[in-house]
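Here are a few notes to read alongside the model. Take them in any order you like.

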Amino acid sequence: MFTVSEVLLGFGLIVLIILFVFRAGIVKEVVLLPDNYRELLTDYVKFYRQLNEEGKVRFEKRMEHFLSAVKITGVNAVVEDIDKLLIASGAIIPVFAIPDWQYINLHEVLLYPGAFNEDFDQAGSDRPIGGMVGSGAMQNVMIINKWQLRQDFINEPSARNTAIHEFVHLIDKMDGTFDGIPEIILERKYTGHWKNMMETTISKMKTYGSDIDMYGAANTIEFFAVISEYFFEQPALLKANHPDLFEMLVRIYKTG
Ligand SMILES: [Zn+2]
């Protein structure tokens with residue numbers, strides 16, 4: 001039998017272990033969505049609004065997981081509930097059809113109020129004031145412009161969405177090469193075809209112009225991000241205007 005002091009010692013040890021685990025962040029507290037999240041998502045996130053009830057619940061769970069794993073920090077900007085919801089939406093929309101997806105290459109999102117280019121190396125920043133994914137010392141960090149983030153979700157007829165754009169860059173980078181070919185989700189037998197398709201379309205864009213944002217003609221990295229924005233923001237239009245690209249994006253994002 002145990003003596004009273006042995007029992008107390010054992011109990012004390014258990015308490016210490018539990019405290020250690022929580023303090024070390026091994027068990028992360030679950031970040032709950034704000035009270036009015038359904039209202040906010042319905043008002044501002046078209047993708048969410050178009051899901052059925054089961055899909056909405058699944059989307060919310062995925063958002064909760066994302067917000068538990070990734071810190072969102074304001075830099076001279078207040079992070080409001082709506083900003084958290086929009087960033088998490090931008091993260092989940094591209095990978096919604098891919099179960100168990102985790103952005104293992106992202107630890108923190110920095111939210112800036114406006115243009116941040118003056119404070120950061122211009123290399124890697126998107127469309128002057130949109131956002132960027134970090135490299136070097138800023139590895140695993142994303143920067144998003146608060147004004148642009150909100151504007152892109154509010155302006156529904158546009159094919160532009162900065163948050164989706166930046167998360168697509170992370171998906172692209174996850175296989176170790178930043179090249180517009182997301183090997184981590186695209187079957188190997190299609191990668192050559194996708195590369196050719198991107199290069200051909202970029203060359204047509206440069207010659208004839210396009211309904212695709214010309215920022216995508218910069219290189220295959222930007223093309224993949226820009227065409228993915230179009231795919232998630234205006235799928236019917238992309239299907240009508242570019243059926244081949246649409247078909248490949250269905251294959252990439254498993255939305256078929
Ligand atoms: Zn970009």
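1. A quick term to begin with: a crossing is left-handed if the near helix is turned anticlockwise from the far one by less than a right angle, and right-handed if clockwise. The crossing of α5 and α6 is left-handed. Helices here are DSSP runs (H or I, at least four residues), strands are E runs of at least two, and both are numbered from the N terminus.

2. Before going on, bear in mind that this is a predicted model, where local features need pLDDT of at least 70, side-chain atom pairs count only at pLDDT 80 or more, and totals for chains, interfaces and linings use all residues. Residues are numbered from 1 along each chain as its sequence is written.

3. Now the core. Its 55 residues form the largest nonpolar core, meaning buried Ala, Val, Leu, Ile, Met, Phe, Trp, Tyr and Cys joined through C-beta atoms within 7 Å. Ile87, Ile92, Ile144 and Ile227 touch the most other members. Helix α9 (residues 220–233) gives the largest share, 9 residues.

4. Asn76 sits in the loop between β1 (71–74) and α5, while Lys254 lies in the segment after α11 (243–253).

5. Are these two buried or exposed? Asn76 is exposed, with 11 other C-beta atoms within 10 Å, and Lys254 also counts as exposed, with 12. The cut-offs, using C-beta atoms placed from the backbone, are 20 or more others within 10 Å for buried, 12 or fewer for exposed, and partly exposed in between.
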